[in-house]
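Here are a few notes to read beside the model. Keep the structure open as you go.

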Amino acid sequence: MTTYIGGNRSSTSLITPSISILSQSQSPQVDAHVVQFAHLELIKTLLASASAERKRRAATEQFVSAELGQADSDRPGAADGTSDAEVIQTEIDDSVRKRLDEIGFKVGWTMAESLAKEKPRFPSAPPTSTSSSSAPPPSETHVLEVIKFICKDLWIALYDKQVDNLRTNHRGVYVLVDNAFKPLSRVSSVGGSKEEDEVARWVRFPGAV
């Protein structure tokens, strides 16, 4: 402990640069790996939730069928020869895809609003002749500007990089090319329909965003 005797010593001189940094407001940050782990746990949780929900519904259906004396041929999948396991798995996959789409859409909408709130409004589409019934109104937001916003601002916020390439057929179809898509950077597959289903789950949430 150091004691100062005599003289005037300003209290500001005791504040070191490291302490001064702590007093400044810092924007919250999250490690990129946390997002990947959260994505993995999201898929696992939705699969477990959909499976549990389907089991509860199957038990209810079985109880009702037993009470009504319903024949096995009346169960879903019995008519076309599809096994009960295949029907259940299809319903689980459909449920997970739907929920991934919903969650991804909400995340993307929130991020887009947060990134665009400090930016000027997108320029409107250039005025066109009113003689064409299919021409967009002058106040319609130009689609290309929205695509540029996704390729730059949104992609950097999500993956710390811009889109590698943007392709279009000039008919309203745009293809965003990312040669190192992070959601798939640690996914490996040996091929087959089962592996394709797994990969499809991984790209469902980023696609919805």
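1. Start with one term: contact means heavy atoms within 4.5 Å. The model is predicted. Not counting residues up to four places away in sequence, arginine 54 touches Glu61, Ile88, Glu91 and Ile92.

2. Where does arginine 54 sit? Its place is in helix 2, residues 32–68. Arginine 54 counts as buried because its relative accessibility is 7%, and buried means under 20%.

3. Look next at the side chains of arginine 54 and glutamate 91. A polar contact of 2.3 Å joins them. Glu91 is also among the residues that arginine 54 touches.

4. Now the aromatic rings. A pair of them is described by the distance of the centres and the angle of the planes. Rings pair if their centres lie within 6.5 Å, and the count comes to four aromatic pairs. In one of them, the ring centres of tryptophan 155 and tyrosine 159 are 5.2 Å apart. Their planes stand at 65°, so this pair is edge-to-face.

5. Tryptophan 155 and tyrosine 159 are four residues apart in helix 4 (residues 143–159), so about one helical turn separates them. Both are buried. For tryptophan 155, the relative accessibility is 13%.

6. Tryptophan 155 also pairs with phenylalanine 181. This pair is stacked, with 6.1 Å centre to centre and 25° between the planes. Tryptophan 155 lies in helix 4, but phenylalanine 181 lies in the loop between strand 2 (174–177) and helix 5 (193–208). The pair therefore ties together parts that are 26 residues apart in sequence.

7. Which residues form one aromatic cluster? They are Trp155, Tyr159 and Phe181.

Technical notes. Residues are numbered from 1 along each chain as its sequence is written. This is a predicted model: local features need pLDDT of at least 70, side-chain atom pairs count only at pLDDT 80 or more; totals for chains, interfaces and linings use all residues. Side-chain values use heavy atoms; hydrogens and water are left out. Helices (H or I, at least four residues) and strands (E, at least two) are DSSP runs, numbered from the N terminus. Buried means under 20% relative accessible area, exposed over 50%, partly exposed in between (1.4 Å probe, protein chains only). A polar contact is a pair of N or O atoms within 3.5 Å; within protein, one must be able to donate a hydrogen and the other to accept it, and residues adjacent in sequence count only if both atoms are side-chain atoms. Rings of Phe, Tyr and Trp (its six-membered ring) pair if their centres lie within 6.5 Å; planes under 30 degrees apart count as stacked, over 60 as edge-to-face and the rest as tilted.
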